[in-house]
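The sequence and structure are shown below.

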Amino acid sequence: KTIAMYALTLSPFAAVGQKVGTLQTEEHPALTMQTCTKRGCTTEDKSVVIDANWRWTEDGKGTNCYDGNLWNDELCPTTQAGAEACGENCTVEGASYESTYGISASGSALKLGFVTSGANTNVGSRSYLLDESTSKYEMFYLKNREFTLDVDVSTLPCGLNGALYFVEMAEDGGLSEFENNNAGAAYGTGYCDAQCPHDIKYMNGEANVIDWVPTSANSGTGHYGSCCTELDIWEANSISHATTPHVCTVEGQTRCEGTDCGDNASGDRYNGVCDKDGCDFAPFRLGNQTYYGPGDEFVLDSTKPFTLVTQFITTDGTDSGDLAEIRRFYVQDGKTIENPTVTVGDNAYDSITDQFCAEQKSVFGDTDDFSAKGGLKAMGEVLDRGLVLVMSIWDDYDVNMLWLDSTYPTDADPSTPGVYRGTCSTDSGVPADVESENPNAYVTYSDIKVGPIGSTTSA
C-alpha cells in the first residue's frame, strides 16, 4: 500500500546517533480497546504510533537526511556503505499527530484526516496500535477468535481507501534484531506487507538508498522491499469494500530484492515470496451491486457508521485447529446484517474458504497464488505467531484505486467476471484530483474488540 508521504523540514537540533530525535516530543495518542470473554469485556488502555516513514529524518545537526523525494548525497550516498552510514547516523523525529498528520483519538475512537495543511502539507497516514508499554506493538492472535470494530467511511469518495488490516511485523519493530534500529515500535519502525513495498525509507537498520527513484513529489522507491503476510480486514470507501487475506512463504518482516519481491515491473508478480492478489471477498466484484453503498437503498448504508465482526473459524472449533474459514457480519442501526451470499461458478458462498478462493480465481481467470502459497492453513499459522494492527487512509499513485471501486483493468469488458468492481469512473481516483477536491475526507475506527467467537457483540 503506497501512501503519499509528505516530508517535513524543521529547525536544527542536537541529537546523538540514528533513530530518535529530541526536537519534537513523541506523545502517542491514547486509544482504548476491549478484550472480551463469554462473561463480558474489559477496557484496556493502548495508544497509537505513526509509521516512521512519515517522520522527519536528519543528521542530529539539523541537516535533512531525506528532503522532498531524495536522499542527501553527502549523508546518505546511494551505496551499501551509504545505506549503513545513513542508518547509523540519521535520526527519526517525534510527531505532532493532530496538527501535522490529522490524527486524533478520543476514548475508543481514532479519526484519520486525509489532507492536513499547515507549515507543510500531509496526505494520508499509516498508524499502529501500541500495547500498554508504548514500546511494543499490540499483538493479536486471532485464530478461533473474532475481531470487531465500528467504522465510518461516509466521507471517503472514489479513489480513497480507509484500510484497517493486520501484518506480521516484529513486536518491537525490529529494535532487538537490528543494531542500528534504536527507535523501534515506539517510533513506528519495521513496516511490511504482502506487496513487498520498496518505498520504506529505513529497513533492517539501514537506509533504503540504493537505486532510489522518486515516484512522487515526496516519495520514491529503493532497491529493497519489505515483505510479510497481510490480512486486510477492511479496505473501503463509500462505494466499494473488500476483505482480503494475503499469505507469504516467509515468516515475519523480510527484506527482499530481485525476484523474491515479486515486482510487477520485472514480470515477477507471481514469482515472489508473497501472494499480492490475495483472496478477496468484495461483494460488488462478486456480482452483488446492491449490498453496499451510499444511501438507504443499499443493504449496508455507507453514509452511516456500522459495526463489522470478523470471525476466524478453525476446522475443529479449537485454538489448535487449522484455520478453515473467515466469516463476516455487520450491525447497523441495531440490526444484524449477514454477509451477502454470492454465486461463484456453480456454488454459493458467504465467507472466505479455500474452496471459495480457488473457484473465484478460476471464474475470474486470475492466477491462484493464494492457494499456491498455502491458503487459509498458512494464514492460520501466521495468526498463531501474532499480527500487528494497521490503521490507515491513503490514495493510490499506482492505479488510482480502480482495483477497489471501478472497472479494472480499465481496458477490459466490464461484463467479464471480476472486472467490474464499483461504480466509479475509470478516470477517477487521480491523487491530485482526490487531494484537491476532498481534503476534508476522513475515516474513523472505533470500539475495537477481540475475544472468543460470539463474545464481542450482543447481535
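## Second largest cavity

In this predicted model, the residues that line the second largest cavity are Ile239, Ser240, His241, Pro283, Phe284, Asn288, Tyr291 and Tyr292. By class, five of these lining residues are nonpolar, three are polar and none is charged. The space within the second largest cavity comes to about 50 Å³.

## Largest cavity

Three cavities of 30 Å³ or more are counted, and the largest holds about 70 Å³ of space. Its lining consists of His241, Thr243, Phe281, Ile326, Arg327, Arg328, Tyr330, Asn339, Ser351 and Ile352. Four of the residues in this lining are nonpolar, four are polar and two are charged.

Strand E22 (241-246) and strand E27 (323-332) each contribute at least two residues to the lining of the largest cavity. The greatest contribution is that of E27, with four residues.

In soluble globular proteins, nonpolar side chains tend to be buried together. The largest nonpolar core here has 89 residues, of which Phe147, Leu231, Trp234 and Met391 touch the most other members. Strand E31 (residues 387-395) gives the most to this core, supplying seven residues. A further core of 16 residues lies apart from it and includes Trp71, Val209, Ile210 and Trp212.

Which residues does Leu231 contact, leaving aside its neighbours within four places in sequence? Leu231 is in contact with Leu142, Tyr165, Phe166, Thr244, Pro245, Phe312, Ile326, Met379, Leu383 and Leu387. Of these, Ile326 also belongs to the lining of the largest cavity.

Terms used. Residues are numbered from 1 along each chain as its sequence is written. This is a predicted model: local features need pLDDT of at least 70, side-chain atom pairs count only at pLDDT 80 or more; totals for chains, interfaces and linings use all residues. Side-chain values use heavy atoms; hydrogens and water are left out. A nonpolar core is a set of buried Ala, Val, Leu, Ile, Met, Phe, Trp, Tyr and Cys residues joined through side-chain atoms within 4.5 Å. Buried means under 20% relative accessible area, exposed over 50%, partly exposed in between (1.4 Å probe, protein chains only). Contact means heavy atoms within 4.5 Å. On a 1 Å grid over the protein atoms alone, a cavity is a set of points where a 1.4 Å probe fits but cannot get out, and a pocket is an open set with protein on both sides within 12 Å along at least five of seven lines; lining residues have an atom within 4 Å of a point. Grid points are joined across faces, edges and corners, and a volume is the space filled by probe spheres set on the points. Ala, Val, Leu, Ile, Met, Phe, Trp, Tyr, Cys and Pro count as nonpolar, Asp, Glu, Lys and Arg as charged, and the others, Gly among them, as polar.
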